[in-house]
Amino acid sequence: MTVPETYLENPFFDHLSDHEKSVLNSNASLMKFEQEEMFIKNESLLLSVFYIYKGEVKLKDSEGHLVDIYGEKDFIGLRYLFTEEPVFFSAYGVKGTEIIQFEKNVYRKFVATNSKFLVEVYNKSNENMNSLVKNLLSYKRNKVNGALANFLLCYSEKGCLIYLKQKEISDMLGYSRENINKCLNNFTAEGYIEYTDENIKIKNIEALQSIKKFG
């Protein structure tokens, strides 16, 4: 499939030269998902870097529990550029997702010769991990309604609230599916969210922000 070169409009790539961008494009391929499908297997070695051009990717642990969700303009694999250790997750592209796959060695060469791009890679590689740790700590501090409000606000901003099962939310927040179901129904009844066909749309950001703070 033809790789859409508009991905280069992401500021992440600004420090690459025209030649480096050309090399990057020649070592890229596009993956499209018509249904939820695994493309990285737990305990496998990553030989590629993945850029989410459209849609979202679910990361799951060895037991199939959801641990994080990545959205458009996120990367997978930057943290593994200089390690041969296996990954600790499986990655699933949901329906409608498009991912650009790059050869890992191309990124290795760029960061070895381009110091500005090295800084971008370092910062981006830690971005999602830092956010996840911050959210997990927040979930533990809050009751179920506060934890859910925090979750919805965070992943709505990333565009990652589609094809999301209640059990997956339960996995991430550490509350039972029954409690998550009850809380989602309450948020829906109060007009804070719209929840249909496993898709969630936030209708009242201010209300959820208040619940996140005081719940």
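A pocket is an open set of grid points with protein on both sides within 12 Å along at least five of seven lines, and its lining residues have an atom within 4 Å of a point. With that in hand, welcome to some close-up views of this predicted model.

**View 1. The second largest pocket and the residues around its centre.** This pocket has a volume of about 250 Å³. Its lining is made of 17 residues, and Leu-59, Tyr-70, Arg-79, Phe-89 and Met-129 are the ones nearest the centre.

**View 2. What the lining of the second largest pocket is made of.** Which element gives the most to this lining? The answer is α3, with 5 residues. Sorted by class, the lining has 11 nonpolar, 3 polar and 3 charged residues.

**View 3. The largest nonpolar core.** Here 28 residues come together as one core. Those with the most contacts inside it are Leu-148, Phe-151, Leu-152, Ile-169, Phe-187, Ile-193 and Leu-208. Two or more residues each come from β5, α4 (144-157), α5 (166-173), α6 (177-189), β9 (193-196), β10 (199-202) and α7 (205-214). The largest share belongs to α4, which supplies 8 residues.

**View 4. A closer look at Leu-208 and its contacts.** Which residues does Leu-208 touch once its neighbours within four places in sequence are left aside? Leu-208 is in contact with Ala-149, Leu-152, Leu-153, Phe-187, Tyr-192, Ile-193 and Ile-202.

**View 5. A second, separate core.** This core has 22 residues, among them Tyr-7, Tyr-107, Phe-117 and Val-121.

Note on methods:
Residues numbered from 1 in each chain as written. Predicted model: local features only at pLDDT ≥ 70, side-chain atom pairs only at ≥ 80, totals over all residues. Heavy atoms only, no water. 1 Å grid on protein atoms, 1.4 Å probe; cavity = no way out; pocket = protein on both sides within 12 Å on 5 of 7 lines; lining within 4 Å. Points joined across faces, edges and corners; volume = space filled by probe spheres on them. Helix = DSSP H or I, 4+ residues; strand = E, 2+ residues; numbered from the N terminus. Nonpolar A, V, L, I, M, F, W, Y, C, P; charged D, E, K, R; others polar. Core = buried A, V, L, I, M, F, W, Y, C linked by side-chain atoms within 4.5 Å. Buried < 20%, exposed > 50% of the residue type's maximum accessible area, 1.4 Å probe, protein only. Contact = heavy atoms within 4.5 Å.
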